[in-house]
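Subject: Structure handover

Hello,

Here is the structure you asked for, with notes below on what was found in it. Please keep it open while you read.

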Amino acid sequence: MQLDVVTLFPGWFEWFAGQRHVRNALAHGHELRTVDLRERTPLSGGQVDDTPFGGGAGMVLRVDVMDAALRAFYGQDPTDLRLARRVIALTPGGRVLDDAFVDELTAEPAVTLLCGRYEGFDERIVEHLVSDTLSVGRYVLSGGELAAMVVCDAVLRKLPGALGRAESAVEESFSPALEGAPEYPHYTRPAEYRGWKVPEILLSGHHEEIRRWRRARSRERRGAQG
Ligand code: ADE
């Protein structure tokens, strides 16, 4: 899979790309590339944003700057690009990321994530240059970079090769295998610590009963979430 991030801060992703599970995914042929918006701006002095028409605080990312960056990087009109690959604007008001959305993205061969800064994007970027919007939650970050890392992390860890066999992503919180419920509780050695005991059933070796117990705890947690 090819993950591209359009950002004013490509340096942030150097740290991210160095983390073990990301390195593993990249070693398996997946790609994480960054596109530096400022490097590609057609405006003088590295300008990328401007004051909002109609007034108000903050700065808005310009549509001509985003158009030029995408056109230069992909060598095609960005209005066609969004038909060829998912081009996603990261914005607090977008479609909220959940496990189903992550699975949808994991199934794509190529995804481009656009990071906003300041007050966000000129709305014409969203209308004409992107296929989707995505929010990592209903709160405002100072830019899309951390949101992009959340998306890349959630997607890359599901790809073959990112996790070791012992860390399978199949039966985990919110997965279809757990009917969308949070994961059951885990325990490890010691079996007793300060009088706090591991549930007897997990030490019993009765696999079917353990499976039933785990399903029940997982469903309980869903109930507790409301
Ligand atoms: N940019 C700023 N806040 C964001 C959020 N909550 N989700 C995605 N992108 C953002």
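In which loop is the place of Arg-194? Arg-194 is in the loop between S8 and strand S9 (196-197); helices (H or I, at least four residues) and strands (E, at least two) are DSSP runs, numbered from the N terminus. More on this residue follows further down.

First, the ground rules. This is a predicted model, in which local features need pLDDT of at least 70 and side-chain atom pairs count only at pLDDT 80 or more, while totals for chains, interfaces and linings use all residues. Residues are numbered from 1 along each chain as its sequence is written, and side-chain values use heavy atoms, with hydrogens and water left out.

Overall picture

The protein chain has eight helices and nine strands. Its C-alpha trace spans about 70 × 40 × 35 Å along the principal axes. Of the 226 residues in the protein chain, 41% are buried (buried means under 20% relative accessible area, exposed over 50%, and partly exposed in between, with a 1.4 Å probe and protein chains only).

The ligand

The ligand sits in the largest pocket. A pocket is found on a 1 Å grid over the protein atoms alone, as an open set of points where a 1.4 Å probe fits, with protein on both sides within 12 Å along at least five of seven lines. A molecule sits in a pocket if more than half of its atoms lie within 2 Å of the pocket's grid points.

The elements that give two or more residues to the shell around the ligand are strand S5 (86-96) and strand S7 (132-135). S5 gives the largest share, three residues. In total, 13 residues surround the ligand (a residue counts if one of its heavy atoms lies within 4 Å). The closest are Thr-91, Val-136, Gly-137, Tyr-139 and Leu-141.

By type, the shell has eight nonpolar residues, five polar and no charged. Here Ala, Val, Leu, Ile, Met, Phe, Trp, Tyr, Cys and Pro count as nonpolar, Asp, Glu, Lys and Arg as charged, and the others, Gly among them, as polar.

- Tyr-139: a backbone N or O atom is 2.8 Å from a nitrogen atom of the ligand.
- Val-136: a backbone N or O atom is 3.0 Å from a nitrogen atom of the ligand.
- Thr-91: a polar backbone atom is 3.2 Å from a nitrogen atom of the ligand.

On its own the ligand has 260 Å² of accessible area, and the protein covers 96% of that (Shrake-Rupley method with a 1.4 Å probe).

Polar side chains

Arg-86 is in strand S5 and counts as buried because its relative accessibility is 14%. Its side chain makes a polar contact of 2.8 Å with the side chain of Glu-104. Another polar contact, also given as 2.8 Å, joins the side chains of Arg-86 and Asp-132. A polar contact is a pair of N or O atoms within 3.5 Å; within protein, one must be able to donate a hydrogen and the other to accept it, and residues adjacent in sequence count only if both atoms are side-chain atoms.

Thr-41 lies in the loop between S2 and strand S3 (49-50). It is buried, at 13% relative accessibility. A polar atom of the Thr-41 side chain lies 3.2 Å from the backbone nitrogen of Leu-43.

His-30 is found in the loop between helix H2 (20-27) and strand S2 (31-36), and it is buried because its relative accessible area is 13%. His-30 and Ala-162 are 132 residues apart along the chain, and their C-alpha atoms are separated by 9.6 Å.

Leu-159 is in the loop between H7 and S8 and is buried, with a relative accessible area of 7%.

Backbone points to check

Most residues other than glycine have a negative phi, and most peptide bonds are trans. The exceptions below are worth a look in the viewer.

- Arg-194 has a positive phi, near 50°, and is exposed at 65% relative accessibility.
- Phe-174 has a positive phi, near 70°. Phe-174 is in the loop between H7 and S8 and is partly exposed, at 42%.
- The peptide bond from Arg-189 to Pro-190 is cis, with omega near 0°. Pro-190 is in the loop between helix H7 (145-156) and strand S8 (192-193).

Regards

Conventions
1 Å grid on protein atoms, 1.4 Å probe; cavity = no way out; pocket = protein on both sides within 12 Å on 5 of 7 lines; lining within 4 Å.
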